[in-house]
Amino acid sequence: MFDLDGTLTRGDTFKVFAGGLLARNPSRWIRVPLLLIPVLGFALRLIDNGGLKGAVMRVLFSGLRRSEIHAWAQQVARSVVEQRLFPEALAAFRAHLSAGDYTVIMSASPDLYVPLIARALGASECICTPVRWNGERLDGRLAGPNCRGGEKARILERLRQQHPGLPVIGYGNSGADVAHLTRCDEAVYVNARPRIRGRLEQLGFRCVQWH
């Protein structure tokens with residue numbers, strides 16, 4: 001099980017996707033000030049990470065056609081695979097593929113482009129945050145749980161039931177990933193900060209530095 005942003009990739013793919021889509025639709029810049037309310041709500045902990053993500057997509061991109069979003073998503077997926085992966089991450093992923101392992105990419109980023117990245121890498125399964133549509137136009141709100149923290153832990157347990165007897169190796173890079181990594185048979189934490197590395201190793205995590 002591989003997390004995407006910051007684990008397989010250098011940086012946040014959602015920022016790349018949203019920033020590029022906004023650049024392709026300059027008339028949408030006028031909507032940016034409307035994000036002040038959800039950003040403030042997030043700062044005050046009135047909405048969570050998923051609520052903020054849904055607000056960004058709805059405020060900035062609601063009404064865009066599926067064909068336009070998909071065309072940009074294909075470009076983002078291609079650039080991520082070709083330019084934004086840690087070489088060590090790609091080597092680890094390919095090693096699991098070569099071993100015949102069932103590989104899962106599990107990401108809080110939206111299903112607007114993450115499945116395209118997973119398909120390009122040859123993943124067995126992709127689980128990410130679903131986004132709502134109104135026919136052929138984007139709604140932007142989340143269509144299901146944000147695939148983060150406790151939700152990843154619930155997904156892990158579901159995968160264990162679907163694949164009984166298989167040991168689970170999990171790769172992650174953030175505090176939100178700890179919830180499911182502690183339930184894996186082997187946990188790999190990518191680019192841990194020095195101040196938390198010792199604590200993670202006490203939990204039995206293998207800490208690696210990918211560049």
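This is a predicted model: local features need pLDDT of at least 70, side-chain atom pairs count only at pLDDT 80 or more; totals for chains, interfaces and linings use all residues.

Q: Which residues of α6 are buried?
A: Val114, Leu116, Ile117, Ala118 and Leu121.

Q: And what covers them?
A: The cover includes α4, α5 (87-98), β1 and β2 (125-129).

Q: OK, α4 then. Which of its residues are buried?
A: Helix α4 spans residues 66-84, and its buried residues are Ile69, Trp72, Ala73, Val76, Ala77, Ser79 and Val80.

Q: What sits over the buried residues of α4?
A: Among the elements covering them are α1, α6, β3 (131-134) and β4 (137-142).

Q: Let's zoom out. How many helices and strands are there in the protein chain?
A: Nine helices and seven strands. The radius of gyration is 18 Å, close to the 17 Å that the globule rule gives for 211 residues, so the chain is as compact as a globular protein of that length.

Q: What box do the C-alpha atoms fill?
A: Roughly 50 × 35 × 35 Å, taken along the principal axes.

Q: How much of the chain is buried?
A: 47% of the 211 residues count as buried. As for the accessible surface, the total is about 10,800 Å², and 54% of that belongs to carbon and sulfur atoms.

Q: And what share of the contacts joins residues at least 24 apart?
A: 59%, taken among contacts between residues at least 6 apart in sequence.

Q: Switching to aromatics. How many pairs does the structure hold?
A: Five aromatic pairs. Take Phe17 and Tyr113: their ring centres are 4.9 Å apart and the planes are at 25°, which is under 30 degrees, so that pair is stacked.

Q: Where do Phe17 and Tyr113 lie?
A: Phe17 is in helix α1 (residues 13-24), while Tyr113 is in the loop between β1 (104-110) and α6 (114-121), so the pair ties together parts that are 96 residues apart in sequence.

Q: Which residues form an aromatic cluster?
A: Phe2, Phe93, Tyr171 and Trp210 form one.

Q: What sits over the ring of Trp133?
A: The charged end of Arg66, 4.1 Å from the ring's centre.

Q: What does its side chain join up with?
A: The side chain of Asn173, through a polar contact of 3.1 Å. Beyond its neighbours within four places in sequence, Thr7 also touches Tyr171 and Trp210, among others.

Q: What about Ser62, where is that?
A: In the loop between α3 (49-61) and α4. Ser62 counts as buried, because its relative accessible area is 19% and the cut-off is under 20%.

Q: Who's in contact with Ser62?
A: Setting aside neighbours within four places in sequence, Arg28, Arg31, Met57, Leu138 and Asp139.

Q: And Leu159, buried or exposed?
A: Buried, at a relative accessible area of 7%. Leu159 is placed in helix α7 (residues 150-162). Apart from neighbours within four places in sequence, Leu159 is in contact with Met1, Val104, Glu125 and Ile127.

Q: How far is Leu159 from Leu21?
A: Their C-alpha atoms are separated by 33 Å, and the two are 138 residues apart along the chain.

Q: Last topic, backbone angles. Which residue other than glycine has a phi near 65°?
A: Arg45, and the value is positive. Arg45 is in the loop between α2 (36-43) and α3, and counts as exposed at 77% relative accessibility.

Q: What's the phi of Asn191?
A: Positive, about 55°, although Asn191 is not a glycine. Asn191 is in the loop between β6 (186-190) and α9 (194-202). At 27% relative accessibility, Asn191 counts as partly exposed.

Key. Residues are numbered from 1 along each chain as its sequence is written. Side-chain values use heavy atoms; hydrogens and water are left out. Rings of Phe, Tyr and Trp (its six-membered ring) pair if their centres lie within 6.5 Å; planes under 30 degrees apart count as stacked, over 60 as edge-to-face and the rest as tilted. Helices (H or I, at least four residues) and strands (E, at least two) are DSSP runs, numbered from the N terminus. A charge sits over a ring if NZ of Lys or CZ of Arg is within 6 Å of the ring centre and within 35 degrees of the ring normal. Buried means under 20% relative accessible area, exposed over 50%, partly exposed in between (1.4 Å probe, protein chains only). Contact means heavy atoms within 4.5 Å. The radius of gyration is taken over C-alpha atoms; the globule rule is 2.2 Å times the number of residues to the power 0.38. Accessible areas come from the Shrake-Rupley method with a 1.4 Å probe; for residues, only the protein chains shown count as cover. A polar contact is a pair of N or O atoms within 3.5 Å; within protein, one must be able to donate a hydrogen and the other to accept it, and residues adjacent in sequence count only if both atoms are side-chain atoms.
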